[in-house]
Amino acid sequence: MKNKIILCTSNVIGKGDENLGETIVETFFTLLKQKEALPHSVFLMNSGVLLATDRSLASVHLQELTEKGVNVLACSTCVEHYQVADALVAGEVSTMGHFIELATAFEVITL
């Protein structure tokens with residue numbers, strides 16, 4: 001996983017029941033943080049930036065991933081759009097240019 005970037009483009013996984021999608025994304029990060037081999041980065045775009053806020057239970061897991069050395073990055077344009085700069089509790093704000101650099105160097109897995 002060290003050569004991979006996890007791209008989250010939504011605050012849920014899948015289409016359909018949104019509550020189920022929130023549960024699934026939290027479960028994903030719960031299990032991911034328990035792995036020995038972790039991704040290089042998690043990049044959050046669009047409503048995915050909400051995962052790094054105090055509104056999401058996934059933010060706890062993203063904080064733990066950060067503590068384990070995983071870069072958790074939130075798209076600056078998306079953070080501004082959703083007006084959540086003050087609510088971010090995990091990771092840091094980044095740019096689309098940085099994502100392009102990462103995507104050039106690492107394999108991207110989109111959730």
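The legends below describe close-up views of a predicted model. Local features are given only where pLDDT is at least 70 and side-chain atom pairs only at pLDDT 80 or more, while totals for chains, interfaces and linings use all residues. Residues are numbered from 1 along each chain as its sequence is written, and side-chain values use heavy atoms, with hydrogens and water left out.

**View 1. The largest pocket and its lining.** The largest pocket has a volume of about 200 Å³. Among its 13 lining residues, Asn11, Glu22, Arg55, Ser56 and Leu57 are the closest to the centre. A pocket is an open set of points on a 1 Å grid over the protein atoms alone, where a 1.4 Å probe fits, with protein on both sides within 12 Å along at least five of seven lines; lining residues have an atom within 4 Å of a point. Grid points are joined across faces, edges and corners, and the volume is the space filled by probe spheres set on the points. Helix H1 (residues 18-32) supplies the largest share of the lining, 5 residues. By type, the lining divides into 5 nonpolar, 5 polar and 3 charged residues (nonpolar: Ala, Val, Leu, Ile, Met, Phe, Trp, Tyr, Cys and Pro; charged: Asp, Glu, Lys and Arg; polar: the others, Gly among them).

View 2. Helices (H or I, at least four residues) and strands (E, at least two) are DSSP runs, numbered from the N terminus. The end C-alpha atoms of H1 are 21 Å apart, in agreement with the 21 Å that its 15 residues should span at 1.5 Å a residue (the expected span is 1.5 Å times one less than the number of residues). Gly21, Val25, Phe29 and Leu32 are the buried residues of H1. Seen down the helix axis, these residues fall within an arc of 70°, so they line one face of H1. The arc is that of the directions from the helix axis to the C-beta atoms. Buried means under 20% relative accessible area, exposed over 50%, and partly exposed in between, with a 1.4 Å probe and protein chains only. Strand S1 (4-8), S2 and helix H2 (58-67) pack against the buried residues of H1; contact means heavy atoms within 4.5 Å.

**View 3. Helix H2 and the residue that follows.** Ala58, Ser59, His61, Leu62 and Leu65 are buried in H2. Their arc around the axis is only 160°, which puts them on the same side of H2. The elements that cover them include H1, S2 and strand S3 (71-75). Gly69, with a positive phi near 100°, follows H2.

View 4. Asn46 is partly exposed, at 42% relative accessible area. Ser47, also found in the loop between S2 and H2, is buried, with a relative accessible area of 12%. Leaving aside neighbours within four places in sequence, Ser47 is in contact with Thr9, Ser10, Asn11 and Tyr82.

View 5. Glu36 sits in the loop between H1 and strand S2 (41-44). Its relative accessible area of 81% makes Glu36 exposed.

View 6. Gln83 is placed in the loop between helix H3 (76-82) and strand S4 (92-94). Gln83 is not a glycine, yet its phi is positive, near 50°. At 69% relative accessibility, Gln83 counts as exposed.
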